[in-house]
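Open your viewer and get ready to select side chains as we go. We will stop at a few pairs and see what sits at each one.

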Amino acid sequence: MIELEGVPELVDPVMIAAFEGWNDAGDSASSAVAHLEREWKGEVFAALDAEDYYDFQVNRPTVFLEGGVRRITWPTTRLSVVRVGGDKPRDLVLVRGIEPSMRWRSFCNEILGFAHELGVEMVVILGALLGDTPHTRPVPVSGVTSDPDLARTMDLEETRYEGPTGIVGILQEACTHAGVPAVSLWAAVPHYVSQPPNPKATLALLNRLEDLIDLRIPLGELAEDARAWQLGVDQLAAEDSEVAEYVQTLEEARDTADLPEASGEAIAREFERYLRRRDGGPGAPGGHITDGGESTSYLRDTSSGRTRPPKPAREEPDEPGEGSGSESSED
């Protein structure tokens, strides 16, 4: 049994998880959880034992100097909590780490143990895959679940995926078997510009998450970063006539496919998001509460980073299951 010290009783908690690796094209999903940690000052309360789940020849530890003292950071998965105030307060349990190298069932059971002890009401797992989608159009985000009732009530797709899976699919299935409502949100990242970061895909995941859990998420500079990323890719694509022609082909295919979806329902959804941001609400700037100063069991996670977008390339993805478009999100 997991015993947690220093973690306050949570209000209607939702667990949000993302893992670097196979299910995280462009680091889009893990960057979304990192954004939530940063904006809401999440406090780490637990970390899984790296010895149990990681091959250190695949995910190597890193050495750094702190005040002249050499220290080691081990690859692992950390859990943090954020307390969001407002008219409808809600707490979030954030799970961010690296896809484990081994013992996936034990890994998922340990995550579910924390969810049980914290009274988590729903688990949302973020993922990103490579797809035939142009960088100039809105990022497609699909929401899927294994629960038919949840799919119906939350306007999600019921998963029909068959094929290789990653830790996102395994964790979602473990949640289903444990009776914990679970949803995965998948962003489609252009395969010709797959290197991280991809702030546009991260922003799309956060927008969809905002709708799903009915919580306003402060975006900080993310919208500006997304615009700068697209402008940078535009400039790089313009320098290569073959890439520019390929992007135009993807745009035409996307526009044709999207025509039936330009519905009143989609417009209403965007208008509701606009009103929520204009009027304020849960998660508005200044509305969060960080409850970590009174407990020595809380540790701050300050990892972050940003790079410029690389030059697009037309190579197909090497790994299976990541290049089939947003319609093939696995779980």
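Start by selecting Glu66 and Arg71: they form a salt bridge, with the closest N and O atoms 2.6 Å apart. A salt bridge here is a side-chain nitrogen of Lys or Arg within 4 Å of a carboxyl oxygen of Asp or Glu. Glu66 is partly exposed, with a relative accessible area of 43%, and Arg71 is partly exposed at 38%. Those words have cut-offs: buried means under 20% relative accessible area, exposed over 50%, and partly exposed in between (1.4 Å probe, protein chains only).

Before moving on, note that this is a predicted model, where local features need pLDDT of at least 70, side-chain atom pairs count only at pLDDT 80 or more, and totals for chains, interfaces and linings use all residues. Residues are numbered from 1 along each chain as its sequence is written, and side-chain values use heavy atoms, leaving out hydrogens and water.

Next, select Arg90 and Glu121, whose side chains meet in a salt bridge of 3.5 Å, N to O. Arg90 lies in strand E6 (residues 90-98) and Glu121 in the loop between H3 and strand E7 (122-131), so the pair ties together parts that are 31 residues apart in sequence. Helices (H or I, at least four residues) and strands (E, at least two) are DSSP runs, numbered from the N terminus. Is Arg90 buried or exposed? Arg90 is buried, at 18% relative accessible area, while Glu121 is partly exposed at 40%.

Now go to Arg152 and Asp149, a salt bridge with its closest N and O atoms 2.5 Å apart. Both residues lie in helix H4 (residues 148-153), three residues apart, about one turn of the helix. Arg152 is exposed, at 60% relative accessibility, and Asp149 is partly exposed, at 46%. How many salt bridges does the whole structure hold? The search finds eight.

**Aromatic rings**

Rings of Phe, Tyr and Trp (its six-membered ring) pair if their centres lie within 6.5 Å; planes under 30 degrees apart count as stacked, over 60 as edge-to-face and the rest as tilted. This rule gives five aromatic pairs. Select Phe19 and Phe107, an edge-to-face pair with centres 5.7 Å apart and 65 degrees between the planes. Phe19 lies in strand E1 (residues 14-20) and Phe107 in helix H3 (residues 104-118), so the pair ties together parts that are 88 residues apart in sequence. Both Phe19 and Phe107 are buried.
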